[in-house]
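Let's take a walk through some helix packing. Have the model open alongside and follow along.

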Amino acid sequence: LAFAFIIGMVVVLAEPAVHVLNQQVEEVTDGTVTRNQMLLALSIGVGVSIGLSILRLLMGFSLLYYLIPGYLLSLGLSFFVPKIYTAIAFDSGGVASGPLTSSFILPMTIGACVTLRGADAVMDFAFGVVALVAMTPLITIQSLGFRSILSRVMREKAAIRKILSADDAQIIYFK
């Protein structure tokens with residue numbers, strides 16, 4: 001599982017379209033979402049999806065146990081995060097499941113499936129990894145948006161507390 005997670009993270013780093021997307025996102029958001037934040041979120045998302053695929057292969061359960069809750073979570077998050085994060089997240093899902101990801105991760109998953117479950121199980125357990133790779137960036141990027149909302153609210157509350165706790169006991173007379 002750890003190896004699959006690391007491979008998933010590294011493959012995203014090598015995907016050229018991810019670097020173009022990160023540059024464009026940083027420009028569109030005026031630096032609110034930095035390249036490093038995007039790259040980290042995408043890497044973690046794809047790493048988790050590859051790890052989940054291998055876990056599914058080991059445990060032998062349906063892909064729907066990941067896809068239905070995952071897409072429900074991503075659609076639910078879209079109601080709470082700024083719209084720009086939702087748009088970036090859905091674009092990121094397509095970019096993360098690009099040609100490099102498909103050409104490295106899919107054969108790795110097929111090989112693991114043949115080794116662990118036999119060649120007959122490839123159609124049942126090896127495929128679906130690209131669907132997971134497309135889904136997890138939706139969750140991680142929108143989580144970035146949710147984190148930005150929470151941090152803004154916390155900053156506002158801290159500013160209000162600071163204003164309310166100020167020592168207003170002294171009176172200043174202007175002449």
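Val-20 has its place in helix H2. This is a predicted model, so keep that in mind throughout. With a relative accessibility of 48%, Val-20 counts as partly exposed, because that value falls between the 20% and 50% cut-offs.

Now look across to Val-95. Along the sequence, Val-20 and Val-95 are 75 residues apart, yet their C-alpha atoms are 9.6 Å apart in space. Val-95 is one of the buried residues of H5, and helix H2 (16-28) is among the elements that cover the buried residues of H5.

## Helix H5 and its cover

Helix H5 runs over residues 83-96, which makes 14 residues. From first C-alpha to last it reaches 20 Å, close to the 20 Å expected at 1.5 Å a residue.

Which residues of H5 are buried? They are Tyr-85, Thr-86, Ile-88, Ala-89, Ser-92, Gly-93, Val-95 and Ala-96. Their cover includes H2, along with helix H3 (35-59), helix H6 (99-117) and helix H8 (129-164).

## H5 against H8

The axes of H5 and H8 come within 7 Å and cross at roughly 150°. That angle is over 145 degrees, so the two helices count as roughly antiparallel to each other. H5 passes H8 in a right-handed crossing.

On the H5 side, the contact is made by Tyr-85, Thr-86, Ile-88, Ala-89, Phe-90, Ser-92, Gly-93 and Ala-96. H8 brings Val-133, Ala-134, Pro-137, Leu-138, Ile-141, Gln-142, Leu-144, Gly-145 and Ser-148. Sorted by class, that gives 11 nonpolar, six polar and no charged residues.

## Thr-101 in H6

Thr-101 sits in helix H6. Is Thr-101 buried or exposed? Its relative accessibility is 2%, so Thr-101 counts as buried.

Leaving aside neighbours within four places in sequence, Thr-101 is in contact with Val-11, Glu-15, Ala-96, Leu-106 and Val-133. Two of these names have come up already: Ala-96 of H5 and Val-133 of H8 both take part in the contact between those helices.

## H1 against H3

Helix H1 (residues 2-14) packs with H3 at an angle of about 140°, their axes 7 Å apart. H1 and H3 are therefore oblique to each other, and H1 passes H3 in a right-handed crossing.

From H1, the contact takes in Ala-4, Phe-5, Gly-8, Met-9, Val-12 and Leu-13. From H3 come Leu-39, Leu-42, Ser-43, Ile-44, Val-46, Gly-47, Val-48, Ile-50, Gly-51 and Ile-54.

How values were computed:
Residues numbered from 1 in each chain as written. Predicted model: local features only at pLDDT ≥ 70, side-chain atom pairs only at ≥ 80, totals over all residues. Heavy atoms only, no water. Helix = DSSP H or I, 4+ residues; strand = E, 2+ residues; numbered from the N terminus. Expected span 1.5 Å × (residues − 1). Buried < 20%, exposed > 50% of the residue type's maximum accessible area, 1.4 Å probe, protein only. Contact = heavy atoms within 4.5 Å. Axes fitted to C-alpha atoms, helices over the stretch in contact; angles between N-to-C directions. Parallel < 35°, antiparallel > 145°, perpendicular 65-115°, else oblique. Left-handed = near helix turned anticlockwise from the far one by under 90°. Nonpolar A, V, L, I, M, F, W, Y, C, P; charged D, E, K, R; others polar.
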